[in-house]
Amino acid sequence: MSLSAKHLLGIRDLSREDISVFLQTAEQFKEVLQRPVKKVPSLRDITIVNLFFENSTRTRISFELAEKRLSADTINFTASSSSVSKGETLLDTVNNILSMKVDMVVMRHSASGAPHFLAKHIPAAIINAGDGINEHPTQALLDAFSIREKTGKLEKVKVAIIGDIMHSRVALSNIYLLKKMGADVTVCGPPTLIPKYISEALGIQVNYNLKETLEWCDVANVLRIQLERQNQVLFSSLREYNLTYGISRRLLDELHKEIIIMHPGPINRGVELDSDVADSKQSIILQQVENGVAVRMAVLYLLSNRNAISN
Amino acid sequence: MKSILTGQQLTITIKRLAHQVLENNINLENTVLIGLQPRGIFLSDQIVAEIKTEFPSVNIQYGKLDITFYRDDIRRELHLANQTDIPFSIEGKKVVLIDDVLYTGRTIRAALDALLDFGRPEKVELCVLIDRRFSRQFPIQPDYVGKSIDSIISQKVKVYWKAKDGKEEVTILDALDA
């Protein structure tokens, strides 16, 4: 097994083998995190900058922890407290940081394609931590890792992705990854939040009925309703959304089997998930967060090595 | 290609190694055995099996350690990790590290670093099947040796295991043969 990717820009560019290498290496890092000393010296010669042009707590903390557990040096950068607010371009900002001998860039940006643009112009390895409404590859990897950990496989697993598919980079990355690994995918949500030709374009099923979708699936990955991205009214009220597409205890109890509930966080309790579902033993939401660190360690470890070879 | 140990000799040698480990660790309660991934575990599996046949009632603490994340040549090429499984504490224990071939000593250096992240053992010993004794690059010596051989850097020593390679044999390969 080997790795062909040089950056992690999106799942779309990854081969099936690359995905397997990431997931398999993450398993070894998960074991590292159980040790009395939860740290390895692998990246002690590497400096990483976390460039966050968009707010994030979970992803940024997860990346930072992963970097520290690999012994890398890290710098954090948030757009609001930087020269970006003085009008500096993205490329200038990054080139200035790289001239201080930084080896890898982890970036979140509100513009779709921003990391792809950077990858064309700078020599460092780039890891996409979410770009606009395009992709969030490490989230998809950790979701797949969590599904595989729970069910033992990805092949033929039936995964439902529920909620705002239109604006969700988590949904897109998950769909690419699950399809590549042979899982079955159905998306479910209000018609206004599901792109019209998604079924033909990505080879997945669409179902607007929540109960039917839950009855079909093994795993339900429930997305957050992204209030900050709703600049037009796509459903009438949060209460109506909760009544039609929110997952309640009662709904789960009516099903003929026990399904796994996932959520990338942060949860809008009482909107897409009710509290007694989010905190139930069916939910693996906190395991997803735990696995996130191991998966990001694997990504950083594997891409840091690629970077060294090309230099 | 020259055979150093045939399958039959290998079996006898492994039996001896198991007995030597036992001789120094009569009370296995305070001793743990740790095989090094990937190829050291074929030896450690057999040593553990041998001890079990000798003392069926004894409870052996046996783990597997992968040293990939501690290598000193991590930037030279991509190394993929194998499973580490040490389901017990090594704090205050006597650890016997087990590997197939001791060559430059770099793997054992990395293994010692990795091991210390699991706790502070009282003592660490090293058990190897083959000791390429004149090729050391670090000051590391084994405590239990299956066979010492004199080889030069251009030669390759290969240990074949039934579980992995379908046959059991140790051979030495000259650069010219390859």
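Predicted model: local features only at pLDDT ≥ 70, side-chain atom pairs only at ≥ 80, totals over all residues.
Across all chains, the count comes to 23 salt bridges.

Start with E290(A) and K30(A). These two form a salt bridge, with the closest N and O atoms 4.0 Å apart. The pair links distant parts of the chain. E290(A) sits in helix α12 of chain A, residues 285-310. K30(A) sits in helix α1 of chain A, residues 16-32. K30(A) has a relative accessible area of 16%, so it is buried. E290(A) has 40% relative accessibility, so it counts as partly exposed. The pair also belongs to a network of salt bridges that links K30(A), E149(A) and E290(A).

Next, turn to D45(A) and R75(B). Their side chains meet in a salt bridge at 2.8 Å, N to O. D45(A) lies in the loop between α1 and β1 (47-52) of chain A, and R75(B) lies in the loop between β3 (61-65) and β4 (94-102) of chain B, so this pair joins two chains. D45(A) is partly exposed, with a relative accessible area of 45%. R75(B) counts as buried at 18%.

Finally, look inside one helix. The side chains of K68(A) and E64(A) meet in a salt bridge at 3.0 Å, N to O. Both residues lie in helix α2 of chain A, residues 58-69. They are four residues apart there, so about one helical turn separates them. K68(A) is partly exposed at 40% relative accessibility. E64(A) is buried, with a relative accessible area of 16%.

Terms used
Residues numbered from 1 in each chain as written. Chains lettered and ligands numbered in written order. Heavy atoms only, no water. Buried < 20%, exposed > 50% of the residue type's maximum accessible area, 1.4 Å probe, protein only.
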